[in-house]
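Hi there,

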Amino acid sequence: MSSDFYSASILPYAPIIIKICRAYTDTQEDFEDYYQEVCLQIWKSRHNFQGQSEWSTWVYRLSLNVSMTLLKKKKSSPQYTGSEFIPEELTEDSKAFSDESLEQLFHAIRKLSEVDRGIILLYLEEKSYQEIADIIGTNPNNIGVKIKRIKERLKKFLDGKIN
């Protein structure tokens with residue numbers, strides 16, 4: 001992967017890629033594997049981008065799809081491991097959160113279904129319902145209802161009312 005492509009086309013979206021990968025993993029090692037695989041797939045698939053959406057929308061969608069695919073592979077084959085290289089500046093940002101409440105939020109997010117994780121992460125990134133719908137592949141009204149229900153479930157998780 002060229003450093004120019006990485007700097008221009010992946011690095012600006014690293015924060016959301018990190019959040020998506022963090023929400024689908026439980027360990028630093030898995031996080032690093034997922035992050036590396038997302039970057040690799042963006043690189044490999046870059047020629048498939050047809051400009052029908054924004055580049056950021058495409059990166060979000062690809063990041064979610066790769067993370068969900070890896071999670072399914074991990075569930076069916078726990079020996080899955082990805083690449084070993086990840087830039088140092090990103091590993092520092094992604095290591096276990098020092099803010100306990102943020103870690104609790106990610107723990108609660110990990111309890112959601114795979115699709116709901118993606119929706120709430122995009123919502124937390126302040127994406128509009130239309131943008132989330134474009135990324136997920138549904139309509140904005142459905143997103144509004146889903147977000148309301150997801151927030152209620154997260155509140156119950158965080159309040160300890162459900163496991």
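Predicted model: local features only at pLDDT ≥ 70, side-chain atom pairs only at ≥ 80, totals over all residues.

Let me begin with Glu 126, which counts as exposed because its relative accessibility is 71%, over the 50% cut-off. Glu 126 sits in the loop that runs between helix 7 (114-124) and helix 8 (129-136).

**Overall picture**

The protein has nine helices and zero strands, so the pattern along the sequence reads α-α-α-α-α-α-α-α-α. Of its 163 residues, 41% count as buried. The accessible surface comes to about 9200 Å², and carbon and sulfur atoms account for 48% of that. Among contacts with a separation of 6 or more, 68% are between residues 24 or more positions apart.

**The core**

The largest nonpolar core has 43 residues, and those with the most contacts inside it are Ile 10, Ile 17, Tyr 24, Tyr 35, Ile 42 and Leu 154. At least two residues of this core come from each of helix 1 (3-10), helix 2 (14-23), helix 3 (28-45), helix 4 (55-76), helix 6 (100-110), helix 7, helix 8 and helix 9. Helix 4 supplies the largest share, 10 residues. Both domain 1 (1-96) and domain 2 (98-162) take part, each with at least three residues in this core.

Which residues does Tyr 24 contact, leaving aside its neighbours within four places in sequence? They are Tyr 34, Leu 64, Ser 67, Met 68, Leu 71, Glu 114, Val 115, Arg 117 and Gly 118.

**Salt bridges**

A search of the whole structure finds six salt bridges. One of them joins Glu 125 to Lys 19, with the closest N and O atoms 2.5 Å apart. This pair links distant parts of the chain: Glu 125 is in the loop between helix 7 and helix 8, while Lys 19 is in helix 2, and 106 residues separate them. Are these two partners buried, partly exposed or exposed? Glu 125 counts as partly exposed because its relative accessibility, 22%, falls between the 20% and 50% cut-offs. Lys 19 is likewise partly exposed, with a relative accessible area of 33%.

Helix 9 (residues 140-159) holds two further pairs to look at. Glu 152 and Lys 148 form a salt bridge whose closest N and O atoms are 3.1 Å apart, and the two lie four residues apart in helix 9, about one turn of the helix. Glu 152 is partly exposed at 42% relative accessible area, whereas Lys 148 counts as exposed at 54%.

The other pair is Asp 159 with Lys 155, where the closest N and O atoms are 2.9 Å apart. Because Asp 159 and Lys 155 are four residues apart in helix 9, about one helical turn separates them. Asp 159 is partly exposed, with a relative accessible area of 42%, and Lys 155 is exposed, at 53%.

**One more residue in helix 9**

Lys 151 also belongs to helix 9 and is partly exposed, with a relative accessible area of 40%. Apart from its neighbours within four places in sequence, Lys 151 is in contact with Ile 120 and Tyr 123.

Enjoy exploring it!

Best wishes

Key:
Residues numbered from 1 in each chain as written. Heavy atoms only, no water. Buried < 20%, exposed > 50% of the residue type's maximum accessible area, 1.4 Å probe, protein only. Contact = heavy atoms within 4.5 Å. Areas by Shrake-Rupley, 256 points an atom, 1.4 Å probe, with all protein chains shown as cover. Core = buried A, V, L, I, M, F, W, Y, C linked by side-chain atoms within 4.5 Å. Domains from an automatic or database assignment. Salt bridge = Lys/Arg side-chain N within 4 Å of Asp/Glu carboxyl O.
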